[in-house]
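Here is a short note for a colleague who has not looked at this entry before.

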Amino acid sequence: HAPLLLYALMVPLTDMIGLVPIFVNNLGARELIFTLYLGQIGVPPAQALALAFLVFTVKLAVSLLGGLVTALGGVSMRAAPDPQQGS
């Protein structure tokens with residue numbers, strides 16, 4: 001059982017390490033960090049990799065959702081005109 005702080009720090013750490021230009025879409029960096037950190041507390045490598053891929057899948061799903069919103073016209077951030085105000 002890993003402390004919650006470890007999980008909270010691993011994802012931002014993997015994102016920062018994944019910015020190195022040798023990684024494509026953070027693949028490789030995420031798996032390395034997850035297996036190293038979780039291996040130190042006794043988590044088997046297969047479970048650490050499964051968690052790394054779960055994090056990747058969640059980020060991919062959120063990105064796809066944002067892409068769909070953008071593709072379908074986005075969200076208007078302008079305030080609607082107030083009908084009570086006279087122009």
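1. The protein chain has three helices and zero strands. Along the sequence these give the pattern α-α-α. The model is a predicted one, and the points below should be read with that in mind.

2. How spread out is the chain? Its radius of gyration is 20 Å, well over the 12 Å that the globule rule gives for 87 residues, so the protein chain is more spread out than a compact globule. The C-alpha trace spans about 70 × 30 × 20 Å along its principal axes.

3. Helix α1 covers residues 4-17 and packs with α2 at an angle of about 145 degrees, the two axes being 9 Å apart. The crossing of this pair is right-handed. On the α1 side the contact is made by Leu6, Tyr7, Met10, Val11, Leu13, Thr14 and Ile17. The α2 side supplies Ala29, Arg30, Ile33, Phe34, Tyr37 and Leu38. By class, the residues of this contact are eleven nonpolar, one polar and one charged.

4. Helix α2 (residues 29-40) also packs with helix α3 (residues 45-71), at an angle of about 135 degrees and with the axes 8 Å apart. The crossing of α2 and α3 is right-handed.

5. In the contact of α2 with α3, the α2 residues are Arg30, Glu31, Phe34, Thr35 and Leu38. From α3 come Pro45, Ala48, Leu49, Leu51, Ala52, Phe53, Val55 and Phe56. These divide into ten nonpolar, one polar and two charged residues. Arg30, Phe34 and Leu38 of α2 are named in this contact and also in the contact with α1.

6. Residues 48-72 are 96% helix and 0% strand, with end C-alpha atoms 36 Å apart.

How values were computed: Residues are numbered from 1 along each chain as its sequence is written. This is a predicted model: local features need pLDDT of at least 70, side-chain atom pairs count only at pLDDT 80 or more; totals for chains, interfaces and linings use all residues. Side-chain values use heavy atoms; hydrogens and water are left out. Axes are lines fitted to C-alpha atoms, for helices over the stretch in contact, and angles run from 0 to 180 degrees between N-to-C directions. Helices (H or I, at least four residues) and strands (E, at least two) are DSSP runs, numbered from the N terminus. A crossing is left-handed if the near helix is turned anticlockwise from the far one by less than a right angle, and right-handed if clockwise. Contact means heavy atoms within 4.5 Å. Ala, Val, Leu, Ile, Met, Phe, Trp, Tyr, Cys and Pro count as nonpolar, Asp, Glu, Lys and Arg as charged, and the others, Gly among them, as polar. The radius of gyration is taken over C-alpha atoms; the globule rule is 2.2 Å times the number of residues to the power 0.38.
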